[in-house]
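Please keep the structure in view while reading.

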Amino acid sequence: MGLPTDAVVASRHSKRRASWSSRSGLAAYGFLTPWMLGMLLMTLGAMLFTIYLAFTNYDLLSQPRWIGALNFHQILQDPNFWTSIRVTFIYVVISVPARLIASLLVATLLNKEVRGIGIYRALIYLPSLIGGSIGISIGWKKLFDVAGPINSVLKAVGLHGPVWLGNPRTAILVIVLLSVWQFGSEMVIFLAGFKQIPGYLYESATIDGASAVRQYFHITLPMLSPIIFFNLVMGTISSFMTFTQVYVLTDGGPMNSTLFYVLYLYEQAFQYYHMGYAAALSIILLIMIAVCTGFLFLTAKFWVKYDV
Amino acid sequence: MVKSRPVTRSVIRHVVLIVLTFLMIYPILWMFFSSLKPDSEIFSTTQLLPSTWTFQHYLDGFSGAAGMNFGPMFLHSFEIAAVVVIGSLFSASLSGFAFARLNFAPRKFLFGFMLGTMMLPAQVVMIPQYIMFHRVGLVNTFVPLMLPSFLGTTPFFIYLMVQFIRGIPKDLDEAAVMDGCSTFRLFRSIILPLTKPALITISIFSFYWTWDDFFGQLIYLNNPQLNTVSIGLSMFLANMGQTQWGDLFAMSIVSVIPVLVIFIICQRYLVEGIATQGLKG
């Protein structure tokens, strides 16, 4: 029995390699089965089903009945729909930029290795870690209670605090504040982004005599712009989805002043079982989100620098 | 003095940071200390610390004295979250491996499609999903909350896995394949053990998102026997008397403890996961 020559070994290896790549083709579908099932059933199939439902009248008990575009006609004449659009847009337009600015400012403040910086970062991040939970929303609700600590502090300095959640003007503000309070996750992304900016950019700018403020606006912000953009897009999408906080804090009141879109969608689907109507609402939501993010992507080429 | 300026600046920086940090965590501190105050004291004083400390609210919440027993609810929430963690690890590791390492014709297309679904808001598909689970009689069970995780419905986890596996040197695979290693063994014995950090990150996020989930539990669970912590807290808020804020705060605080504990233990993985989202996304 002679040892196999190099050529034999090589040919055997290349055979194995060839069979490996064709075998791996089949194996790939095996590995992807769970995901493909989910995609076909829970995502793609569900999307198509939503589109179908939007043209039907369906209450879960009887069969869906085809009614053409009637749902969409009714939605356009539904005052609650327009209220929810207005409320949601006001919220998105205020809370997304406010949260972005807060996270950028605080990240800038925390981007210095001073003593105890890890503790500051962790504690400031804490609200965004737990702030989305029901428990914290409940605390927030009592924080802004008529007799809650916010009003007690205002009273102590001689101000008369409003009935925060009972007043249409201030109720949405409390929900905005709850969101802005959770700027920590964007802040963490910005902090990671600061680390990726090459140090030599600042060194040469310093040699050229650029002030720290100038460096911030001409190096830091442009270099961070892809991350700012990412946070802007994700923040916009998730703001459209706001539900839990509203459900706990105001449940749409007072006088529909916090009737957020998804809350209205939830009521139509799961309180009145207007499944067809709600499906139409969810398609409109998807279109609104697509248009808004599409618009953001269009603006991106004017201010997002991908290759500095 | 020239020398004192950096010191002054550093003091100012610390003062600003301390004030900011205190403002940020004040709501949580207020809630925490309120849960340790007698009910009469919660809204009658501006003092943060209780003048009399009491653990009664915590005992009430778990003994049913508050009108609801939160013990089983915590178990339910844990049960759902644990299964979802397993499901997420299962689907993300399998599909992540396939996308990162295996050659098949529509790989690029499917991967692009997967990334596209990352932006798809869950609320858009929840109505048909609800109807499907309703038709097969699975509403009022935990299945609708658990099953999707096994089917890779959180594309972010798959993406995280793909990114991580791409960072593992390919020499390893080639050597293993030459030694006659099957594709599954390559996955199971060589790649999977190396992805531990990514698996931990996925576990943390899937646990958090399930533990904090409210919408899904609200629509799928209508049976008091199946209440989770989120549902229990919101029902308690809706039905309680004016004197039970202490109990409610106590249970709210307990509800965030698992999240805090995981944060303290796994901070590094968590921060890396969040950063991945923004830097490579």
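What percentage of the contacts in chain B with a separation of 6 or more is accounted for by residues 24 or more positions apart? Such residues account for 76% of those contacts, where two residues are in contact if their C-beta atoms, placed from the backbone, lie within 7 Å.

## Basis of the model

This is a predicted model, in which local features need pLDDT of at least 70 and side-chain atom pairs count only at pLDDT 80 or more, while totals for chains, interfaces and linings use all residues. Residues are numbered from 1 along each chain as its sequence is written, and chains are lettered from A and ligands numbered from 1 in the order in which they are written.

## Fold and dimensions of chain B

Chain B contains 14 helices and 0 strands, these elements being DSSP runs numbered from the N terminus (helices H or I, at least four residues; strands E, at least two). Chain B has a radius of gyration of 24 Å, whereas a compact globule of 281 residues would have one near 19 Å; the radius is taken over C-alpha atoms, and the globule rule is 2.2 Å times the number of residues to the power 0.38. Along the principal axes, the C-alpha atoms of chain B fill a box of roughly 75 × 75 × 35 Å.

Of the 281 residues of chain B, 44% count as buried. A residue is buried if 20 or more other C-beta atoms lie within 10 Å of its own, exposed if 12 or fewer, and partly exposed in between, with C-beta atoms placed from the backbone.

## Domains

Domain bounds come from an automatic or database domain assignment. For chain B, this gives domain 1 (4-56) and domain 2 (70-279), and their C-alpha centres lie 34 Å apart. Between them, 7 residues of domain 1 of chain B are in contact with 7 residues of domain 2 of chain B. On the domain 1 side, α1 and α2 (39-42) of chain B each supply at least two residues, and the largest share, 3 residues, comes from α1(B).

Chain A is divided into domain 1 (6-53) and domain 2 (79-303), and the C-alpha centres of these two domains of chain A lie 40 Å apart.

## The interface between the chains

Across the interface, 66 residues of chain B are in contact with 74 residues of chain A. Several helices of chain B each supply at least two residues of the side that touches chain A, among them α1 (4-34), α4 (70-101) and α14 (245-279). The largest share of that side, 14 residues, comes from α14(B).

By class, the side of chain B that touches chain A has 44 nonpolar, 20 polar and 2 charged residues. Here Ala, Val, Leu, Ile, Met, Phe, Trp, Tyr, Cys and Pro count as nonpolar, Asp, Glu, Lys and Arg as charged, and the others, Gly among them, as polar.

## Backbone geometry in a loop of chain A

Most residues other than glycine have a negative phi, and most peptide bonds are trans. In chain A, a cis peptide bond with omega of about -15° joins G253(A) and P254(A), and P254(A) lies in the loop between α11 (244-249) and α12 (261-271).

M255(A), in the loop between α11 and α12 of chain A, has a positive phi of about 50° although it is not a glycine; M255(A) is exposed, with 11 other C-beta atoms within 10 Å. N256(A), found in the loop between α11 and α12 of chain A, also has a positive phi, near 60°, and counts as partly exposed with 17 C-beta neighbours inside 10 Å.
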